[in-house]
Amino acid sequence: MEACINHEDHAAIEHCEVCAVALCDLCLWYDDEGRRLCEQHAREYEKTGGSVQSPALYAEGIQVREADGTRPRAPYEGNQTDLIAAAAGLLGAVSLLTWFGGGMCIPMGAGVLGLIALTNKRKGLNPERARMLSLFGVGLSVVSVLPVLMFACFFAFFVGLAIAGGTTGP
């Protein structure tokens, strides 16, 4: 990973669009057109009448590194597999509430997404969480669809009995 030109202990996140030096979040300036600049080129642009934003203006939005160089963890971190697993869990939970009409597509979607995430759980940032949410989505999908399938089977059975019994006309 490339280090910042001014802070060797910080990773560079961007490069100056004029001179291409590597810059960390504490050294990155922006001009009024959105270009990323080093401090030297930001000052030169400012002298031509343009406006610039120093890193200090948006530093509050950047979580400052701790002494050991790590950042505080976000409440939820994940990648595509983690998000698929979370969607499966959410759709599984919602499917319990939607047993009528077109809502039956939701539990099937939760089941499919859950199976996809379950097969890819090792690719997630947190494989155990991906596995748990996937199984939750698949399980709730089955619990939601099972009563409807049982009703459909009973209905088909009784319709079959009525047809098989037939009616004899006068």
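**Group meeting talk: a patch, a core and some cysteines**

Val142, Leu146, Met150, Phe154, Phe157, Phe158 and Leu161 make a nonpolar surface patch of about 720 Å². A patch takes residues with over 30% relative accessible area and no salt bridge, and nonpolar side chains (Val, Leu, Ile, Met, Phe, Trp, Tyr) are joined within 5 Å, like charges within 9 Å. A salt bridge is a side-chain nitrogen of Lys or Arg within 4 Å of a carboxyl oxygen of Asp or Glu. Areas come from the Shrake-Rupley method with a 1.4 Å probe, and for residues only the protein chains shown count as cover.

This is a predicted model: local features need pLDDT of at least 70, side-chain atom pairs count only at pLDDT 80 or more, and totals for chains, interfaces and linings use all residues. Residues are numbered from 1 along each chain as its sequence is written, and side-chain values use heavy atoms, leaving out hydrogens and water.

Back to Leu161. Leucine 161 sits in helix H5, residues 127-165. It is partly exposed, at 45% relative accessibility. The cut-offs: buried is under 20% relative accessible area, exposed is over 50%, partly exposed is in between, with a 1.4 Å probe and protein chains only.

Now the whole chain. It has five helices and five strands. The order along the sequence is β-β-β-β-α-β-α-α-α-α. Both are DSSP runs numbered from the N terminus: helices are H or I with at least four residues, strands are E with at least two. Of the 170 residues, 29% count as buried.

Next, the inside. The largest nonpolar core has 12 residues, including Cys4, Cys16, Cys24, Trp29, Cys38 and Tyr45. Such a core is a set of buried Ala, Val, Leu, Ile, Met, Phe, Trp, Tyr and Cys residues joined through side-chain atoms within 4.5 Å. What does cysteine 24 touch, leaving out residues up to four places away in sequence? Cys4, His7, His10, Ala11, Ala12 and Ile13. Touching is contact: heavy atoms within 4.5 Å.

Cysteine 38 is buried, at 8% relative accessibility. Cysteine 153 is exposed, at 54%.

Last stop: a loop. Alanine 20 lies between strand S1 (14-15) and strand S2 (22-23). Its phi is positive, near 65°. Most residues other than glycine have a negative phi.
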